Structures are given as C-alpha cells and as structure tokens.
Amino acid sequence: MMNGLFISFEGIDGAGKSTHIAALAEAFKARGRTVTLTREPGGTPLAEKLRALILNDSMDALTEALLIFAARRDHLTTVIAPALARGEVVLCDRFTDATFAYQGGGRGFDLEVLSKLELWAQDIQGLGNGFLQELGKKGEAAAILQPDLTVWFDLPPEEAAQRLVGARVPDKFESQPVEFFRRVVEGYADRMRGDSSRFARIDSSPPRELVWASVYQVFADKGWLP
Ligand code: TYD
C-alpha cells in the first residue's frame with residue numbers, strides 16, 4: 001500500500017490557494033492516487049457547523065481558539081487520520097498554521113495556549129490503528145499529527161485585498177483591516193521559521209500559471225508527482 005500523504009495549504013485570504021489545490025487533486029488522481037480534499041475549519045458535519053459559528057459570530061479569543069481546535073480534533077480523528085491510514089493523499093485547505101497565523105498573529109492571542117491546544121488536538125496516541133502506531137514509532141516529538149508538507153501561498157496583504165475587492169461578502173476575518181493581515185503573514189513566517197523543512201513558501205504575486213508551475217515543482221522535487 002502507498003504511504004498516506006498529508007498536505008496543508010495556507011495563506012491570507014485572497015492569496016489564491018483554491019485553484020491550485022483543485023489542480024493538485026487532479027494531478028494526484030491522474031497518478032492513480034485516492035485523494036481526500038478537505039478544509040478547515042470544517043471537513044466533517046460537526047466541524048462545518050462550528051465553521052459557521054467561527055466565521056460569523058463574535059466571541060472572545062479563547063472561545064474562538066477552542067472552537068477551532070474542537071473542529072480540528074473531530075476532523076482529524078474522523079477524516080484525516082483514517083484517510084492517511086488507508087494510504088490516501090489528504091489535501092487540506094488550511095490547518096493549524098492558520099490558527100497560529102490568524103488567532104496568534106492576527107488577533108495577538110497567547111501562542112503558548114495555542115501550542116498546548118495543538119498538542120492535545122493533534123495527539124494521535126491511542127487512536128488505535130496501525131498507521132498511527134507507525135507514526136508514533138518515528139519518534140515525532142509527542143506523536144502529534146502534522147502535515148508532511150505545508151504549502152504557504154505568500155502574497156502582500158495589499159495585493160490580496162485588491163484581489164478580493166467585490167469577490168464576495170466578506171466574513172469575520174476577510175473584513176479585517178490590512179494591518180491584521182500583516183500580522184497574519186508574520187504569524188506564518190514565524191511558523192515556517194520554527195519548522196522550515198515542513199514548509200514550501202510560494203510567491204503568489206506572479207500570474208496564476210507561473211504560481212502553478214512553482215507549486216507543481218515542489219511536488220515533483222519531492223518525487224510525489226512526475
Ligand atoms: P477560507 O479558508 O479562506 O475559506 P473561503 O475560501 O471559503 O473564504 O476561510 C476560512 C477563514 O477562517 C479564513 O479567513 C481564515 C480563518 N481561519 C482562522 O482564523 N483560523 C484557523 O485556524 C483557520 C483554519 C481558518
């Protein structure tokens with residue numbers, strides 16, 4: 001059986017992840033891989049209900065972080081981990097780096113609290129299936145599940161804002177001022193500094209076809225696509 005692959009995609013709103021994620025799903029399918037295409041917050045019936053609350057209702061920062069990690073735990077235990085155990089490719093539109101970037105960087109919420117929540121929510125000890133024990137044996141810090149690769153679409157907040165003008169009715173995060181997104185970008189940069197081998201930073205300023213070529217190259221270099 002093929003090894004499961006867990007890939008997350010990050011970037012500020014307007015950075016243009018979606019079309020590339022869809023194209024990658026097709027590329028993996030063309031290679032005969034089974035792809036689970038999913039997103040956060042969301043990806044399960046429960047987590048999608050939480051998503052609606054997280055994106056639309058105002059709440060204090062800890063409440064928001066707890067709901068995000070609750071959604072993540074449900075998503076991880078019922079969708080992501082089982083798909084990886086079946087050897088699938090999981091393409092996830094946002095994961096925990098978004099929490100460090102938006103809640104940590106953007107909102108200025110306590111990074112230590114986020115780190116604790118990350119350890120709890122992504123703890124895969126005792127989920128009781130072969131794949132997860134395998135992961136544990138690799139000696140990963142506390143056997144927490146992290147993506148094998150995180151593709152970060154990096155775009156200056158001013159450019160992202162321009163791309164979003166008139167695109168849709170903005171949600172709670174999309175309607176934040178440009179300074180908020182500057183802090184989000186810093187949050188992503190900090191996460192990348194802390195775990196650089198997991199990250200591929202893609203400059204999202206060039207035209208879409210050129211961005212796609214850079215994205216594809218990352219996967220080709222890993223030997224995951226031809
Ligand atoms: P997004 O992924 O951009 O979906 P869409 O393309 O439908 O707008 O929207 C999700 C929003 O949620 C985005 O503004 C970032 C925010 N978010 C957080 O603040 N923290 C998180 O941990 C995650 C996963 C997302």
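Predicted model: local features only at pLDDT ≥ 70, side-chain atom pairs only at ≥ 80, totals over all residues.
Biologist: OK, helices. At what angle do α2 and α3 cross?

Modeller: Roughly 160 degrees, with the axes of α2 (residues 45-56) and α3 (residues 61-85) coming within 9 Å. Helices (H or I, at least four residues) and strands (E, at least two) are DSSP runs, numbered from the N terminus. Axes are lines fitted to C-alpha atoms, for helices over the stretch in contact, and angles run from 0 to 180 degrees between N-to-C directions.

Biologist: Parallel or antiparallel, then?

Modeller: That angle makes α2 roughly antiparallel to α3. The cut-offs are under 35 degrees for roughly parallel, over 145 for roughly antiparallel, 65 to 115 for roughly perpendicular, and oblique for the rest.

Biologist: Left-handed or right-handed?

Modeller: The α2 and α3 crossing is left-handed. That term applies if the near helix is turned anticlockwise from the far one by less than a right angle; clockwise gives right-handed.

Biologist: Which residues make the contact?

Modeller: From α2 you have Leu46, Ala47, Leu50 and Ile54, and from α3 there are Glu64, Leu67, Ile68, Ala70, Ala71 and Asp74. Contact means heavy atoms within 4.5 Å. By class, the residues of this contact are 8 nonpolar, no polar and 2 charged. Here Ala, Val, Leu, Ile, Met, Phe, Trp, Tyr, Cys and Pro count as nonpolar, Asp, Glu, Lys and Arg as charged, and the others, Gly among them, as polar.

Biologist: And how do α3 and α4 sit?

Modeller: Their axes come within 11 Å and cross at roughly 170 degrees, so α3 and α4 are roughly antiparallel to each other. Glu64, Ile68, Phe69 and Arg72 of α3 make the contact with Thr96, Thr99 and Gln103 of α4. The classes there are 2 nonpolar, 3 polar and 2 charged.

Biologist: What about α4 against α5?

Modeller: Those axes come within 10 Å, crossing at roughly 160 degrees, which makes α4 roughly antiparallel to α5. This crossing is right-handed. On the α4 side are Thr96, Thr99, Phe100, Gln103 and Gly104, meeting Leu111, Leu114, Ser115 and Glu118 in α5. That contact has 3 nonpolar, 5 polar and 1 charged residues.

Biologist: Switching topic. Where is His75, and what does His75 touch?

Modeller: His75 lies in helix α3. Not counting residues up to four places away in sequence, His75 touches Thr38, Arg39, Glu40, Gly42, Gly43, Thr44, Ile80 and Cys92.

Biologist: Buried or exposed?

Modeller: His75 counts as buried because its relative accessibility is 0%. Buried means under 20% relative accessible area, exposed over 50%, partly exposed in between (1.4 Å probe, protein chains only).

Biologist: Last one, α8. How does the span of α8 check out?

Modeller: It agrees: at 1.5 Å a residue, the 17 residues of α8 (residues 178-194) should span 24 Å, and the end C-alpha atoms are 25 Å apart. The expected span is 1.5 Å times one less than the number of residues.

Biologist: Which α8 residues are buried, and what covers them?

Modeller: Phe180, Phe181, Val184, Val185, Gly187, Tyr188, Ala189 and Arg191 are the buried ones. The cover includes β1 (5-10), α4 (96-106), α5 (111-121), β4 (149-154), α7 (157-164) and β5 (199-203).

Note on methods:
Residues numbered from 1 in each chain as written. Heavy atoms only, no water.
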